[in-house]
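Please read this briefing alongside the sequence and the 3D structure, which follow here.

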Amino acid sequence: MSDLISPGKMIGIIGGGEIARMMALSAKKMGYRIGILDPEKDCPAAQVSDWQIIAQYNNQEALMDFAMKCDVVTYEYDNIDSDLIVKMKKTVSVPQGADLLSITQDRLLEKAYLEASNINLAPYATIVTIEDIKGALDGIGFPCVLKTISERHNGKDRYILQSEEDIPKAAYLLKMGTCVLEAWIPFERELSVMVARNQANDIVVFPISENIHRNTILHESIVPARINQYVEEEVERIARAVAEKLELVGTLGIEMFITSSGTLYVNELIPRPNHSGNYSNEACTLSQYDAHIRAICGLPLPKTELISPAVMVTVLTEHQEAANVQIQLKPNWNFYYYGKENPGESQKIGHFTVLTKDIEKTLAIIADTGIWK
C-alpha cells in the first residue's frame, strides 16, 4: 500500500499550465493545499494554488526546495529529465515515478514496452542514417512518417514521406539524433482512453473518446466514441495491460487509430491527464483529475460511469470573442477558461463540454456557431 496523503497535506505540481490548473482545482475540492513549480509567474495553475516557485524545470536547486515543501509531488510537465525525479524521490514521494517519464520520452522504448504487452503498433524501424531509411522502406512503404525518438521539438519532430524524393528533405531530423520510421496508418477514427491506477492496483478505465484534430490540435472529443462493442473491449484490455505493465500511479492517456477494418493501432502514451479526457469533469461520476489526485494520494479509486454522452470542443485564442458570445447564448454549455495571460496564436485557452442525448445534433449546433471553421 502507498503512504496515505490525507486532506490538508501539500501536493506539489511540476508545471503550471491548464492541466495542472484542473489537477489543482480537483485537489482543492478534496481539501489539499497546492504548490506549483513553473517558470511563468501567475501561470494558470498558480492562480488557483497556495504558492508558486518560479523556476525552470531543470533547476535542480529549485526542485529540491520544492520537494522539501511538499508531502507528495506530481507532474504536468512531462518533458522533465527523469534523473531529476530520481533525485527528488530521495526527499519526497513522487508516485508516478521516473520510469514512466523515461519510457514515454523515448518513442523506441515506449514501443518496446507496448509490444511486450502484446499491443498492436504500426510497422516501424529504427533510423540513424539516410541509408537506414532506404533500407526500411521495403517493409514499411509509402506514405510513412519519420519522427525523432524524443517527442518534443516544438512540433518539428516529424516529417511525412510520400515518395523517394522526400528522403533528403527528412534528413534534418537525423541531426537531432536517432529517429523512428513508422508506416502511415490510413485510419478511420482517432481514439483515446484515459486509465487511472493506484498502488493498491485499483484500475479505472474511462469511457473511450473519439477525437478530431485540426492542424495537430485537438478540436473535438466525442464520448462515447462511435465504435462497436468488440473495439471497446479491446481498448479496455489495452488500457488495463498498459497500466499494469507500467505500474502506473495516476492517470495516463493512450492515443490510438482505428482503421475501416476495425484494426486498432496504439500511437502514443501521455503520462498524465490530458485534454481528450476533459469531458470527464461533467460527463463522468469520477473525473480524470479526481482519479489522478486520489491515486497519487493513496486513496481508493471508485469505478467511473458515464452520466451522459458529451462533446468537448477546444477554444483557441482566435475563438475567444465569439466563444464569449456563446456563453451568453448557451446556458447548458459548461465552459472552462484556463486563465492564460497573453496567449499566443492558436493556443488552447479553454474548452466547452456539452452534455447531450443526441451527439449528431450537438455536433451540428457547434458547427452552426461558425466559430470553429
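A cavity is a set of points, on a 1 Å grid over the protein atoms alone, where a 1.4 Å probe fits but cannot get out, and its lining residues have an atom within 4 Å of a point. Grid points are joined across faces, edges and corners, and a volume is the space filled by probe spheres set on the points. This is a predicted model, in which local features need pLDDT of at least 70 and side-chain atom pairs count only at pLDDT 80 or more, while totals for chains, interfaces and linings use all residues. Residues are numbered from 1 along each chain as its sequence is written, and side-chain values use heavy atoms, with hydrogens and water left out.

**Cavities**

- Lining the largest cavity are E190, L191, N211, H213, E255, M256, F257 and N267, with β13 giving the largest share, three residues (strands are DSSP runs of E, at least two residues, and helices runs of H or I, at least four, numbered from the N terminus).
- The second largest cavity, of about 30 Å³, is lined by E110, Y113, L114, S117, V242, K245, L246 and L269.
- Both α5 (107–116) and α8 (229–245) supply at least two residues of the lining of the second largest cavity, and α5 gives the largest share, three residues.

**Residue T104**

- T104 lies in helix α4 (residues 99–104), and T104 counts as buried because its relative accessibility is 4% (buried means under 20% relative accessible area, with a 1.4 Å probe and protein chains only).
- A polar atom of the T104 side chain lies 2.8 Å from the backbone oxygen of L100.

Technical notes
Buried means under 20% relative accessible area, exposed over 50%, partly exposed in between (1.4 Å probe, protein chains only). A polar contact is a pair of N or O atoms within 3.5 Å; within protein, one must be able to donate a hydrogen and the other to accept it, and residues adjacent in sequence count only if both atoms are side-chain atoms. On a 1 Å grid over the protein atoms alone, a cavity is a set of points where a 1.4 Å probe fits but cannot get out, and a pocket is an open set with protein on both sides within 12 Å along at least five of seven lines; lining residues have an atom within 4 Å of a point.
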